[in-house]
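Biologist: I would like to go through this model and ask what stands behind each label. Please set the value against the cut-off each time.

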Amino acid sequence: MNGRWVAGNRFTLLENGEGFFPRVFECIAAAEHEVLLETFILFEDKVGLALQKVLLTAARRGVRIDITIDGYGSPDLSPAYILALTQAGVRVHVFDPSPRLWGYRTNLFRRMHRKIVVVDGKRAFVGGINYSADHLADFGPAAKQDYAVEVEGPLVAEVHQFVRAQLLLGQQPPGSRLAQLLTRQPAPPAAPASAPLPAAGPSDAIFVTRDNVEHQSDIERHYRIAIRGARRRIIIANAYFFPGYRLLRQLRKAARRGVDVRLVLQGEPDMPIVKIAAGLLYHHLLAAGVKIYEYHDRPLHGKVALTDDEWSTVGSSNLDPLSLSLNLEANIIIKDRAFNQHLGEHLEQLMQNSCTQIHARDVAETGLWVSLRSFLVFHLLRRYPAWFGWLPAHTPRLTLAEKLLGQTDVEVNISHVNEGRVS
């Protein structure tokens, strides 16, 4: 698995756009040298325009800025929006900018799903929040419930090196020696090493990513290790829940040995198929003693979890086939009692005040169809990581933005990087 435990960090939990956007924008506004930003979704709404404004201000005072967006998740930015950034010196990269076919997006798989910001190599943000107005409460009933963390301390250097290495990878000719090295070792230093960052807090942590080469199952493995070692409690709040067979089996085993296992899942999903897929697993999970809570206040978009009193994770990875077998993802794994307690208190309040607990009587089903469906789901969960792995991974390449925007004077790079609208 990639990543290593790094001591001396401090983490601040940021909830929804109200907690995330002001803090990120404040840090970008105070940047002195560099801003690196990756996101799956960037919309040209009030949030996207606010981000553009703060990036333009920083770029015009000499801050070096690279942003990477996903070609599937962010397909509709106007030429004017991009041109304003590039003319100010911002380098805009697009992951997998595939052309549309009869008006439909064709870049369905291998998405760049990470959400990362690094400012001056000293402060980072990692989580599941995109740059769109639907992460704000005033968006209405469809506003999303989501989380990110602000990172201070030595782990920021790991995040910084990783993002810079991904930018470098995207600029290499396919098959080049450096591209092969970066593909096999996805987080080498992309610049001369600077002085180690001082300790900022008591937390040990790992920055862990998922790619389609060397680290195809690292995030899932960290989940399984934590679940297997849990002795008292497991709480997982995840938007898109249809995990692989091994993770599902570990959850059932934990519940059967007396661990308080609770899942917080979507009750008001942004896509109906999400609830249908998770619902196929309810019978098996409840039968083993797993408790299931459906969140109903708004669509749940979070990807957080905790076990016992120390282990927690916050990141971009759902527990579904896309995140576990196809997408490029990034999570932070945290060992810290105070952070675990804070996240746990928040999730407890969520379950008590905004969720409906699902009981066995709510999904009581019998008959031949249920047995057949269970058999099919069981084998799908066992096999889908291998099936999805057959889908092609992308080859690193760079394309001038003029091919997308039809502008010959645009100096914006479109980065079609190595791997590769669930968000």
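Biologist: Why is Glu 38 called buried?

Modeller: Glu 38 has a relative accessibility of 2%. Buried means under 20% relative accessible area, exposed over 50%, and partly exposed in between, with a 1.4 Å probe and protein chains only. At 2%, Glu 38 therefore counts as buried. This is a predicted model, in which local features need pLDDT of at least 70 and side-chain atom pairs count only at pLDDT 80 or more, while totals for chains, interfaces and linings use all residues. Residues are numbered from 1 along each chain as its sequence is written, and side-chain values use heavy atoms, with hydrogens and water left out.

Biologist: Where is Glu 38 found, and what does the side chain of Glu 38 make a polar contact with?

Modeller: Glu 38 is found in strand β2. Strands (E, at least two residues) and helices (H or I, at least four) are DSSP runs, numbered from the N terminus. The side chain of Glu 38 pairs with that of Arg 114 at 2.7 Å. A polar contact is a pair of N or O atoms within 3.5 Å; within protein, one must be able to donate a hydrogen and the other to accept it, and residues adjacent in sequence count only if both atoms are side-chain atoms. Contact in general means heavy atoms within 4.5 Å. Not counting residues up to four places away in sequence, Glu 38 touches Thr 68, Met 112, Arg 114, Lys 115, Ile 116, Val 163 and Gln 166.

Biologist: What makes the largest nonpolar core a core?

Modeller: A nonpolar core is a set of buried Ala, Val, Leu, Ile, Met, Phe, Trp, Tyr and Cys residues joined through side-chain atoms within 4.5 Å. The largest has 38 residues, and Phe 20, Leu 51, Ile 65 and Tyr 131 have the most contacts inside it. Several elements supply at least two residues each, including α1 (16–29), β2 (34–39) and β3 (64–70). The largest share of this core, 7 residues, is that of α2. Leaving aside neighbours within four places in sequence, Leu 51 is in contact with Phe 25, Ile 28, Leu 37, Leu 42 and Tyr 131. Apart from this core lies another, of 37 residues, Cys 355 among them.

Biologist: How do you know that Cys 355 is buried, and how many disulfides are there?

Modeller: Cys 355 has a relative accessible area of 14%, so Cys 355 is buried. Cys 27, at 8%, also counts as buried. A disulfide is a pair of cysteine sulfur atoms within 2.5 Å. A search of the whole structure finds 0 of them.

Biologist: Why are Lys 291 and Asp 260 called partly exposed?

Modeller: Lys 291 has a relative accessible area of 31%, hence partly exposed. Asp 260, at 23%, is also partly exposed.

Biologist: What joins the side chains of Lys 291 and Asp 260?

Modeller: They meet in a salt bridge, at 3.1 Å from N to O. A salt bridge is a side-chain nitrogen of Lys or Arg within 4 Å of a carboxyl oxygen of Asp or Glu. Lys 291 lies in strand β11 (residues 291–295) and Asp 260 in strand β10 (residues 260–266), so the pair ties together parts 31 residues apart in sequence.

Biologist: What makes Asp 309 and Arg 337 a salt bridge?

Modeller: Their side chains meet at 3.9 Å, N to O, and the pair counts as a salt bridge. Asp 309 lies in the loop between β12 (303–307) and β13 (311–315) and Arg 337 in helix α10 (residues 337–354), so this pair ties together parts 28 residues apart in sequence. Asp 309 is partly exposed at 30%, whereas Arg 337 is exposed, with a relative accessible area of 53%.

Biologist: Is Arg 64 buried or partly exposed, and is Asp 66 buried or exposed?

Modeller: Arg 64 has a relative accessible area of 45%, so Arg 64 is partly exposed. Asp 66, at 5%, is buried. Arg 64 forms a salt bridge with Asp 66, the closest N and O atoms being 3.6 Å apart. The structure holds 20 salt bridges.
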